[in-house]
Structure formats: C-alpha cells, structure tokens
Amino acid sequence: MKYDVAVKNVYLPNGDNKTVANIGINGNKIVYIGKEEISGTEEINGKDMLAVPGWVNTHTHLAMTLFRSYADDMELMPWLQEKIWPIEAKMQREHFKWGSYLGVVEMIKNGTTCFNDMYFVMEETAKAVDEGGLRAVLSRCVMGDDPKDDYRMKESLDFYKEWNDKANGRIKVAYGPHAPYTCTDRYLKKVVEYAKQDNVLLHIHLAETAKEVEDCAARSGKSPIALMESLGLFELPTVAAHCVYVDKNDRQILAKNNVAVAHNPQSNLKLASGIAPVTDLLDDNVLVTVGTDGCSSNNNLDMLEEVRLACYLAKGTSHNPTAIPAQQALEIGTYNGAKALQFDKLGKLEEGYIADIVLYNMSESYWYPRHNFVSNLIYAASSNDVDTVIVDGKVLMKKREILTLDEEKIKFETNKIALELTK
Ligand SMILES: [Zn+2]
C-alpha cells in the first residue's frame, strides 16, 4: 500500500524489542501500523529508531524563554515582583514573537508535539505554532478584580474568535485566569461565564505554594481547590497547574470534576515551592499530566527530563519503587496530556489516532542493552536523540533539522532582543 507518509522499520514501545513495524499515514491520521511492506509519497527510514507518541506539555508560558538564565535562584514573590513583572511590563509584540519562536524550536527538538500555553500577546504565539507546525491550546492570561471592561478578558475573547480551531484544528483557544491570588472571586465567576458561553477549557495555577493555600483559607475559609469548585470553575474542563498543596478533600474534588493536574516538578523544586503528592493524586484517580512551566522557574522545556523527574520523585516521596513505572510515565507525558487538553484520538500510536509521532535515534550507548525500549527511553535516553518529529501527519523535523522554521535565525534574533530587554 502507498500512503502520504510511510515510516519504515521502526520499533514500537509495545514490549516487542525484536520486531520492526511500518507506520502508514494519510492526511493527519495513522491509518496503518504493522509488518506489511508499505511505501509512501514521503518515506522515512526508521532503522534503529523507536517511535513514540509526541510529548504533551500541559503547562507553559512560551515567550518566557526570553528570561532563560536571566533571574535564577530567587523566591517566587520577589522573583515575580522584582524581576519578571517589571520586564514583562516593557515587553513589546516583537518580544512575544521571538520568545514564542524559540520555544517552538526547543519543543520540536525535544519531541514535544503539543502544549498548553498561558501568556500574553497570544497571536504571536499562535503564529509561531501555526508556522512551526505544532499543536497547542493557547490562553491569554487574565487577572484582576472587576471584569467589567477588562482589557485582558476582551483580548482573550477576541483571540478566541480569531484563533480557536485554526491551523487544521491544531490550535485551540482556552481561557486562562492566572490564579486565585491574582483574580478576585467575582472576576473568576465572570471568566467561568465566558468559558461556558464559548465552551472552552480553563487553564489556571492552583495550590502552588503553602502561602497561597494559607492566604486563601484566611480570605475565604476554603482551600484554593474548594474555592474554585464553589465558583463553578470545574464545571468546565480544567487544567490546574501545580496542585502541590492538596489534601484528601482537594484530591477528591479534582477527581470528581475530572480536573487534570499539570505537574511541574522542576519549577516547583527550583522555586522551592514543594513536591506535589503525585502518588496520592493517582491513587485518588486524578488525571495527572506533566508540564514544564515557563523558562525561568524552569530553565528548559525538555519533557523527557520532566517526566523522568516526575517518575523519580513519585518513587522517592512514596518510598515505593513501583510508583509510576516506565510505561505509565510515557502515558502520563503523552496520552494523559492529550486527554487533559480535550484532543480526541491523540497520544497513542494506534490506527485511527492523529499522527503526532516522534522517532528517537537509538544509536547512543545508553540504548544498550535493550531489555525494554521504554525503560531505555524513560530512564536513560536524552532529548538529543530525537531525530524525527511528525505533527498532524506533517514532518516538522528530520535528522534533527527543523524543516518549518529557521532555527539559527531564531536563536540569533531571540538572544539579541532578550539581552536588550533586560539591559
Ligand atoms: Zn506557570
């Protein structure tokens, strides 16, 4: 059979370490996986490569790549108040544009095919996603007190009209109330109303620090999770970033309402916020996904690194080495993310699923011996092994060369503009 794209002779993450398979793609779908000989209008030689679903990063602030290595080793509030917010206030459209491009380049190179972003001037991020070829859920970050005539929410609604379900469905728009400590209750209620009207996903930071939870309890008598439930947030599909401080009652609320948690272990550790109780969340049937957060609280967007850390922390904090085995780690970083972001038929290598596929080159020494490819991947591999990236059936990178964007120009321009901004 001849397909639009034929990926030939790859290994699959299915426990079979001996047999190679061929993947046939038509349009944006995987239509064949098996051992039959196939050909394609475009053919990819997958010899000695492992095919996996692309990573889904469920919490980012993409243009914050501009702040990489700018303000490290600080506490959350001084970091935001003294370093990040003053610079953000000076940022122009160009900054969001180049910061987004740099983030898209980094994601393609580390095998991330889909992400959930909340930031500002989102049209620039949408353009970079569209041009780079990735899949994303994008929200204009909103915050404040009185929702009446709020320019942020207005931008958010306009952005929804312009970009929702664009780029062949690769771009979806969500609403992104920043956090309970930056939005008043009446503001959040209004965002929920808008979200119901447009039937969109919500993306919010919740229970990130102990102080946030204490302050919320002092103000409302409730935990951030319980407060959000009472305001109606969870009546919509919601991605809650962090959830570091969640008790049994909070976890039950999250599970009952199908709220997805975006676990960002590097960010939580770097800002010394704490460690999310991931094994408790899993035990209570909460949908756990993995995110990297912005490039400053976490200095890279490397999903393999993030998933590996999530896995190790789960084992270490629960004193249970069977917590999050390798296969589950792969699912948490791929399928769970796709589910949290409400994409149908995404995050698995199966016929009928959307063709978002990453090929890892297995030539490095740590891919040997080969008892189990998924173990090799989760515990030993490097994101530099990502050779080929396919999103929506289109090849975005081949032999580590990005085909959709000019990587060198993006690195040069972003560095220039970022250094000028922070001068
Ligand atoms: Zn964040």
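In this predicted model, Gly-169 counts as partly exposed, because 14 C-beta neighbours fall inside 10 Å of this residue, whereas burial would call for 20 or more. Gly-169 sits in the loop that runs between helix H4 (151-163) and strand S9 (171-177). Val-374 lies 205 residues away from Gly-169 along the chain, and the C-alpha atoms of the two are separated by 30 Å.

H4 and S9 are among the partners against which the buried residues of H3 pack, together with H2, strand S7 (112-119), strand S8 (135-142) and S16. The buried residues in question are Met-122, Glu-124, Thr-125, Ala-126, Ala-128, Val-129 and Gly-132. Just after H3 comes Gly-133, whose phi is positive, at about 100 degrees.

Val-391 stands opposite Lys-394 in S16.

A further open sheet holds 4 strands in the order S3-S2-S1-S4, and here the pairing is mixed. Strand S3 (29-34) and strand S4 (39-45) are at the edges of this sheet, and since each has a single partner strand, one side of each lacks a neighbour in the sheet. On average, and with direction ignored, neighbouring strands of this sheet are turned by 25 degrees against each other. The pairing of strand S1 (residues 2-10) with S4 is parallel and extends over 6 bridges. Lys-8 faces Asn-45 in S4.

At the level of the whole chain, the domain assignment gives domain 1 (2-53 + 356-400) and domain 2 (55-340). Their C-alpha centres lie 29 Å apart. To the contact, domain 1 gives 20 residues and domain 2 gives 24 residues. On the domain 1 side, at least two residues each are supplied by S5, helix H14 (373-380), S15 and S16. The largest share of that side, 4 residues, is contributed by H14. Sorted by class, the side of domain 1 that touches domain 2 has 13 nonpolar, 3 polar and 4 charged residues.

What do the buried residues of H12 pack against? Their partners are S5, strand S6 (55-60), strand S13 (287-290), helix H11 (303-318), helix H13 (335-340) and H14. The buried residues of H12 themselves are Ala-329, Leu-330, Glu-331, Ile-332 and Gly-333.

Notes: Residues numbered from 1 in each chain as written. Predicted model: local features only at pLDDT ≥ 70, side-chain atom pairs only at ≥ 80, totals over all residues. Pairing = 2+ DSSP bridges. Axes fitted to C-alpha atoms, helices over the stretch in contact; angles between N-to-C directions. Buried ≥ 20, exposed ≤ 12 C-beta atoms within 10 Å, placed from the backbone. Domains from an automatic or database assignment. Contact = placed C-beta atoms within 7 Å. Nonpolar A, V, L, I, M, F, W, Y, C, P; charged D, E, K, R; others polar.
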